[in-house]
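Hi,

Here is the structure I promised to pass on to you. Have a look at it first, and my notes on it follow below.

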Amino acid sequence: MSLREQILKADDHARSTVHVPRWGVTLTIKSWTGEDRWQWEQWCNEGKLPGQQPDSLETMCKAIVLAIVDEAGEPVFRRADVAELKKRNAAELLRVFGAIGKLNSITEEEVGDLRKNLPQEPLNGSCTLLP
């Protein structure tokens with residue numbers, strides 16, 4: 001088998017899980033393809049002006065939509081679910097996003113930027129954010 005064939009046929013898709021105590025579930029996270037990563041980055045920047053930062057909370061929720069799958073590997077969430085996900089507990093969103101970031105090589109710098117840009121008041125009165 002040639003090197004090209006070996007690379008193109010490699011099973012390089014991984015999965016991991018994250019337990020979310022306040023939701024009472026363990027979620028399955030899929031590793032992203034290059035196309036998935038590009039789609040996430042483009043989706044997060046839709047409608048933004050040059051130099052304008054994406055909304056941190058929305059960025060996390062969009063990653064959750066693209067990465068969480070059921071046992072059959074099918075997406076659990078749809079794009080339209082972002083608004084509802086934004087209302088969930090911030091600590092749990094960070095927990096899930098952190099697990100997605102670990103599996104999909106979202107850097108600590110990117111995660112840190114998200115934490116810095118999150119609102120400092122509770123979201124819909126439902127939670128407080130981690131420091």
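Let me begin with Asp12, which is exposed, as its relative accessible area of 57% is over the 50% cut-off. Please keep in mind that this is a predicted model. Asp12 sits in the loop that links α1 (3–9) to β1. Its C-alpha lies 9.1 Å from that of Thr33, and the two residues are 21 apart in sequence.

Next, the sheet. It is open and antiparallel, built from 3 strands in the order β1-β2-β3. At its edges are β1 (15–20) and β3 (68–69), each of which pairs on one side only. Helix α5 (residues 90–103) packs on this sheet and touches β1, β2 and β3. The direction of α5 makes about 165° with that of β1. Between β1 and β2 (residues 25–30) there are 6 bridges, in the antiparallel sense, and Thr17 stands opposite Thr28 in β2.

Helix α3 (residues 56–67) packs against α5 at an angle of about 60°, and their axes are 10 Å apart. At that angle α3 counts as oblique to α5, and the crossing of the two helices is left-handed.

Which residues of α3 and α5 meet? From α3 come Leu57, Met60, Cys61, Ala63, Ile64 and Ala67, and from α5 come Leu93, Leu94, Val96, Phe97 and Ile100. The residues of this contact divide into 11 nonpolar, no polar and no charged.

Best wishes

Methods
Residues are numbered from 1 along each chain as its sequence is written. This is a predicted model: local features need pLDDT of at least 70, side-chain atom pairs count only at pLDDT 80 or more; totals for chains, interfaces and linings use all residues. Side-chain values use heavy atoms; hydrogens and water are left out. Two strands pair if DSSP finds at least two bridges between them. Helices (H or I, at least four residues) and strands (E, at least two) are DSSP runs, numbered from the N terminus. Contact means heavy atoms within 4.5 Å. Axes are lines fitted to C-alpha atoms, for helices over the stretch in contact, and angles run from 0 to 180 degrees between N-to-C directions. Buried means under 20% relative accessible area, exposed over 50%, partly exposed in between (1.4 Å probe, protein chains only). Angles under 35 degrees count as roughly parallel, over 145 as roughly antiparallel, 65 to 115 as roughly perpendicular and the rest as oblique. A crossing is left-handed if the near helix is turned anticlockwise from the far one by less than a right angle, and right-handed if clockwise. Ala, Val, Leu, Ile, Met, Phe, Trp, Tyr, Cys and Pro count as nonpolar, Asp, Glu, Lys and Arg as charged, and the others, Gly among them, as polar.
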